[in-house]
Amino acid sequence: MKIALPVTDERFDEVLLKAKNADILEFRVDSFSNKDVDFVSSLLRKAKEKGFETILTIRSEKEGGTYVENRLKMFEKLMPLSDYTDIELSSIDIISYISRLSKEYGKKLIVSYHNFEMTPANFVIKETIREALRYGDIPKIALKANSYEDVSRLLCSAQDVKTPKILISMGDLGKISRIAGFIFGSFITYVYLEKPNAPGQLSLEEALYLRNMFYGA
């Protein structure tokens with residue numbers, strides 16, 4: 001299980017020091033105050049120099065992000081510098097192009113789907129994963145859990161998918177998925193330093209402790 005910390009350009013050098021035990025930094029470029037491509041490139045390189053893997057995420061406003069005027073250009077320029085790129089399944093206007101770019105660059109593509117209201121039926125979860133794998137290497141399914149049954153359904157519905165995947169039940173009821181998901185093949189969990197970026201998220205300190213407790217160092 002890898003631990004990923006979402007970051008922006010705010011207090012970046014300080015965050016790098018505090019994040020030293022994380023495995024991955026997720027660059028939430030849509031939340032950067034300075035979205036200049038050269039500036040973001042310099043931070044990606046700095047993270048790599050410190051030994052972090054990186055996820056490039058320019059989240060669309062349709063799935064919890066903010067509008068970025070030159071989004072496609074940023075993907076083109078920044079993807080070669082990052083280990084992973086995250087693109088929403090709902091970004092139908094650019095997802096095929098981003099998929100081709102990821103193959104050209106030899107990078108892993110995370111195709112994400114978020115539902116902030118509910119966990120849909122099992123067949124919908126399975127079909128969403130299949131659709132995500134049409135474009136990318138790693139399906140990321142993040143669904144609001146309104147019951148513990150929702151958590152169970154997400155993890156069990158995706159268990160038969162043998163490729164790497166990311167499974168997240170959002171909300172307090174889904175918090176257990178942030179650690180237990182590893183048993184079902186989910187290989188990245190997202191954490192925070194000071195305040196949660198998403199409902200039910202664990203802190204970096206909590207995730208490190210629980211990973212060591214259940215899975216060893």
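Predicted model: local features only at pLDDT ≥ 70, side-chain atom pairs only at ≥ 80, totals over all residues.
For helix H2 (residues 37-49) and helix H3 (residues 71-78), the packing angle is about 40° and the axes lie 10 Å apart. Angles under 35 degrees count as roughly parallel and those from 65 to 115 as roughly perpendicular, and H2 and H3 are therefore oblique to each other. The crossing in which H2 passes H3 is right-handed. On the H2 side, Val37, Val40, Ser41 and Leu44 take part, and they meet Met74, Lys77 and Leu78 of H3. Sorted by class, this contact of H2 with H3 comprises five nonpolar residues, one polar residue and one charged residue.

H3 also packs with helix H4 (residues 95-105), where the axes come within 10 Å and cross at roughly 15°. With that angle, H3 and H4 are therefore roughly parallel to each other, and their crossing is right-handed. From H3, the contact draws on Leu72, Phe75 and Glu76, while H4 brings Tyr97, Ile98, Leu101 and Tyr105. Six nonpolar residues and one charged residue make up the contact of H3 with H4, with no polar residue.

A further pair is formed by helix H5 (residues 122-135) and helix H6 (residues 148-157), whose axes come within 9 Å and cross at roughly 40°. H5 and H6 are therefore oblique to each other, in a crossing that is right-handed. Here Asn122, Ile125 and Lys126 of H5 meet Arg153, Leu154 and Ser157 of H6. The contact of H5 with H6 divides into two nonpolar, two polar and two charged residues.

The structure holds one cavity of 30 Å³ or more, and the largest cavity contains about 60 Å³ of space. Its lining is made up of Met1, Leu167, Ile168, Ser177, Arg178, Ile179, Gly181, Phe182, Ser186, Ile188, Thr189 and Tyr190. Strand S7 (166-170), helix H7 (177-180) and strand S8 (188-192) are the elements that give two or more residues to this lining. Seven of the residues lining the largest cavity are nonpolar, four are polar and one is charged.

Open space comes next. About 430 Å³ lies in the largest pocket. This pocket is lined by 15 residues, of which Pro6, Val7, Thr8, Glu10 and Asn197 are the closest to its centre. Strand S1 (residues 2-7) gives the most to the lining of the largest pocket, with three residues. By class, that lining has seven nonpolar, three polar and five charged residues.

The second largest pocket holds about 300 Å³ of space. Among the 19 residues that line this pocket, those closest to its centre are Arg28, His114, Lys140, Asn197 and Ala198. At least two lining residues of the second largest pocket come from each of strand S2 (24-28), strand S6 (138-144) and S7. S7 also gives two or more residues to the lining of the largest cavity. In the second largest pocket, the lining divides into eight nonpolar, five polar and six charged residues.

Definitions and conventions. Residues numbered from 1 in each chain as written. Heavy atoms only, no water. Axes fitted to C-alpha atoms, helices over the stretch in contact; angles between N-to-C directions. Helix = DSSP H or I, 4+ residues; strand = E, 2+ residues; numbered from the N terminus. Parallel < 35°, antiparallel > 145°, perpendicular 65-115°, else oblique. Left-handed = near helix turned anticlockwise from the far one by under 90°. Contact = heavy atoms within 4.5 Å. Nonpolar A, V, L, I, M, F, W, Y, C, P; charged D, E, K, R; others polar. 1 Å grid on protein atoms, 1.4 Å probe; cavity = no way out; pocket = protein on both sides within 12 Å on 5 of 7 lines; lining within 4 Å. Points joined across faces, edges and corners; volume = space filled by probe spheres on them.
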